[in-house]
Amino acid sequence: MRLLTLARDLKRRKARERQSLFVAEGVRTVEELLQSSLAVRGAVVSVALERTPRGSALRDACVARGLELLEVTEQDFLTAADTEHPQGIIAIAEAPSLTLANLAVPATARVLVLDGIQDPGNVGTLVRTAAAMGACAVIALPGTADLWNAKAIRSAVGAQFRVPALHTERADFLAWLSAEHMELWGTAAEGGDVGAAPKCARLAIAVGNEGAGLSDDVRAACTRLVALPMAAGVESLNVAVAAGITLYALRP
């Protein structure tokens, strides 16, 4: 039952950070995990996994890779699951060891910066959006939900497995920007029209908290604030939707 105990423990952020492990739940998410380069420790499974051909195929893939599988009752599975209607598989894997120091940024690049994004679903969707728009990394600042939260991983559909994503402190991030000679732009309602912004080769784009917007430190560090022109009567967009449009508008 070691894997089940571990999966339960990893529902807590402190446990994930302490052990550098995370859980991936659900058939599609685990499929993406197995296709990545991340090391998988094993998986907890229930009979629900084999109720569909796709689930059975995933189980076979886990066995073919020699992964440790722990079969548990559906009742026990629910004690570790994060979803209301689980699909019968929770994989445990090693989080990548990423820091600003070993983050490789090409000559032409976009980096998405999450400044206090609190909802794990938004965090995951933002990571997925960054991957879709060709961003080379996602950097999460304090106040942002854990990138390796199970809900964030499901919402990203495993994008964290392909795009470098890491947490860091604001001061370290701002120092890194300077060392990398990278501009920082922020999204804000009072910003200029993003469609009229000049082209920039290396750019970090910060999106702020769902309610409060950018933090004071990040706002002060921005060389430009940009906004999406919207039709009358529309006050705002979901942060992930706004980020996707912004990244598209500011593509290299």
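Two strands count as paired if DSSP finds at least two bridges between them. Helices (H or I, at least four residues) and strands (E, at least two) are DSSP runs, numbered from the N terminus. Strands of a sheet pair through backbone hydrogen bonds, either parallel or antiparallel.

**Model and confidence**

This is a predicted model, in which local features need pLDDT of at least 70, side-chain atom pairs count only at pLDDT 80 or more, and totals for chains, interfaces and linings use all residues. Residues are numbered from 1 along each chain as its sequence is written, and side-chain values use heavy atoms, with hydrogens and water left out.

pLDDT is the predictor's confidence in each residue, from 0 to 100. The protein chain averages 94, and 100% of the residues score at least 70. Among the elements, strand E8 (residues 183–193) has the lowest mean pLDDT, 93. Strand E6 (residues 137–141) has the highest, 98.

**The four-stranded sheet**

Four strands form an open sheet in the order E1-E4-E2-E3, with mixed pairing. Strand E1 (21–25) and strand E3 (68–71) stand at the edges. Each has a single partner strand, so one side of each is left without a neighbour in the sheet. The twist averages 20° from one strand to the next. Angles here run from 0 to 180 degrees between N-to-C directions, and axes are lines fitted to C-alpha atoms, for helices over the stretch in contact.

Strand E2 (residues 40–45) and E3 pair in the parallel sense over 4 bridges. Val44 stands opposite Leu70 in E3. Helix H4 (residues 53–64) packs on this sheet and touches E2, E3 and strand E4 (89–94). The direction of H4 makes about 135° with that of E3. Contact means heavy atoms within 4.5 Å.

Ser46 is found in the loop between E2 and H4. Ser46 is buried, with a relative accessible area of 8%. Buried means under 20% relative accessible area, exposed over 50%, partly exposed in between (1.4 Å probe, protein chains only). Leaving aside neighbours within four places in sequence, Ser46 is in contact with Val72, Glu74, Phe77 and Gly88.

**The six-stranded sheet**

Six strands form an open sheet in the order E7-E6-E5-E9-E8-E10, and the pairing is parallel. Strand E7 (165–167) and strand E10 (224–227) are the edge strands. Each has a single partner strand, so one side of each lacks a neighbour in the sheet. Neighbouring strands are turned by 30° against each other on average, direction ignored.

E6 and E7 pair in the parallel sense over 3 bridges. Ala140 stands opposite His167 in E7. H10 packs on the sheet, touching strand E5 (109–115), E8, strand E9 (202–208) and E10. The direction of H10 makes about 160° with that of E9.

**Nonpolar cores**

A nonpolar core is a set of buried Ala, Val, Leu, Ile, Met, Phe, Trp, Tyr and Cys residues joined through side-chain atoms within 4.5 Å. The largest has 53 residues. Phe22, Leu33, Leu114 and Leu126 have the most contacts inside it. Helix H10 (residues 239–249) gives the most to this core, with 5 residues. Apart from it lies another core of 21 residues, among them Val113, Ala137, Leu184 and Cys222.

Beyond four places in sequence, the residues that Phe22 touches include Leu10, Leu33, Trp148 and Phe161.

**Asn122**

Asn122 is found in helix H6 (residues 120–132). Its relative accessibility is 12%, so Asn122 counts as buried. Not counting residues up to four places away in sequence, Asn122 touches Ile117, Glu210, Asn238, Val239 and Ala240. A polar contact of 3.1 Å joins the side chains of Asn122 and Glu210. Such a contact is a pair of N or O atoms within 3.5 Å; within protein, one must be able to donate a hydrogen and the other to accept it, and residues adjacent in sequence count only if both atoms are side-chain atoms. Asn122 and Val241 are 119 residues apart along the chain, and their C-alpha atoms are separated by 9.5 Å.

Ser20 and His181 each have a positive phi in a residue other than glycine.
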